[in-house]
Amino acid sequence: MSEAKPAKKRGGHAYGRRHLQLSNTAEEGELCLYSGHSLGRFSSHSMRYDSHQACTRCVAAAREGRMSFDIDRLLKKHRARALSFWSKVDIAAPDECWNWNGCINPRTKQPQFAWRRNGISTSTQHHPQRVAMWFTWGDLGFTGVKTTCGNKYCCNPFHLIPQHIGVYVDDDSYLESFELACQLHTLRTQVAEYMVEQALKEQEKLDQSEEIDARAALILDPDTGFGEKFEAVMTDLLAGRHSTQIEPEDPGLYREPTDHGEDADDPTKDF
Ligand SMILES: [Zn+2]
Ligand SMILES: [Zn+2]
């Protein structure tokens, strides 16, 4: 019997391979979501099983039945996304279902969470149960995940079992684990803080849009005197927010620089 079983790569969507047994050969792959899972201190790659693109260290942890809710174990650049994810989940008691409050695809009625994971999947939308698995069981790539409760909107990791990688599940010890209870408490607090922060940011944007409308009305009003217009433009220029300073190619009144979220995909950003 041969020892190593490399993945038999097939065509089609990567998620289609989730039903196969995990291979036991690994290759250099995308950096794991968790800190300390890179090949070396300064490497931007992790070892991943070639069949499911599951991080070998995360698989080892899952096989020992280790699960965590600790956001701080993630690389810094993924923490905000984790909080954004959990803020859309009804985090209830450990033995209850945690329903998904986020986006539901209007056509397929499937719950979904937007995340571009280069090197793992070409999908930009993932099932929240898989994302919940990534943030608790580990970065297991496109390993399949099943629920013990049969609720397709449930994101309670205690109800989620990663498939075909041989995880050890010990419900009793999870429910009694003091460490998990503490982590869960911390997570709830962090999510609450995150939501307040987001609400404040939204409010700030609203406040700003009023200011922008007022400025646009002033500039476009034919009755505004030259002195007033000059003052408005100079104030904007000095504050670095005049349209010519922000988007010279695309003139308009009072724009904000656009964030395309590209930093999230830069693996070297953390160092
Ligand atoms: Zn990992
Ligand atoms: Zn459930």
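In what order do the three strands of the open sheet stand, and is their pairing parallel or antiparallel? In this predicted model, local features require pLDDT of at least 70 and side-chain atom pairs count only at pLDDT 80 or more, while totals for chains, interfaces and linings use all residues. Residues are numbered from 1 along each chain as its sequence is written, chains are lettered from A and ligands numbered from 1 in the order in which they are written, and side-chain values use heavy atoms, with hydrogens and water left out.

The order of the open sheet is β1-β2-β3, and the pairing is antiparallel. Because β1 and β3 (54–55) are at the edges and each has a single partner strand, one side of each lacks a neighbour in the sheet. Strands are DSSP runs of E of at least two residues and helices runs of H or I of at least four, numbered from the N terminus; two strands pair if DSSP finds at least two bridges between them. Between the antiparallel strands β1 and β2 there are five bridges, and A26 has Y49 in β2 as its bridge partner.

The zinc ion (ligand 1) is coordinated at 2.0 to 2.3 Å by C32 (SG), H37 (ND1), C55 (SG) and C58 (SG). Donors are N, O and S atoms within 2.8 Å of the metal (3.2 Å for Na, K and Ca); water is not among the atoms, so sites may look incomplete. Along the chain, the donors of the zinc ion (ligand 1) have the spacing C-x4-H-x17-C-x2-C. Distant parts of the chain are linked by the pair H37, in the loop between β1 (26–30) and β2 (45–49), and C58, in helix α1 (residues 56–63), which lie 21 residues apart.

H37 and C58 are both buried, that is, under 20% relative accessible area with a 1.4 Å probe and protein chains only. C55 also counts as buried, at 1% relative accessibility. The structure contains zero disulfides, a disulfide being a pair of cysteine sulfur atoms within 2.5 Å.

Helix α3 (residues 128–136) is largely enclosed by the rest of the structure, because nine of its nine residues are buried. Among them are R130, M133 and W134. The buried residues of α3 pack against α2 (76–86), β4 (113–114), β5 (125–126), β6 (145–147) and β7 (160–162), where contact means heavy atoms within 4.5 Å. Just after α3, G138 adopts a positive phi of about 130°.

Methods: Buried means under 20% relative accessible area, exposed over 50%, partly exposed in between (1.4 Å probe, protein chains only).
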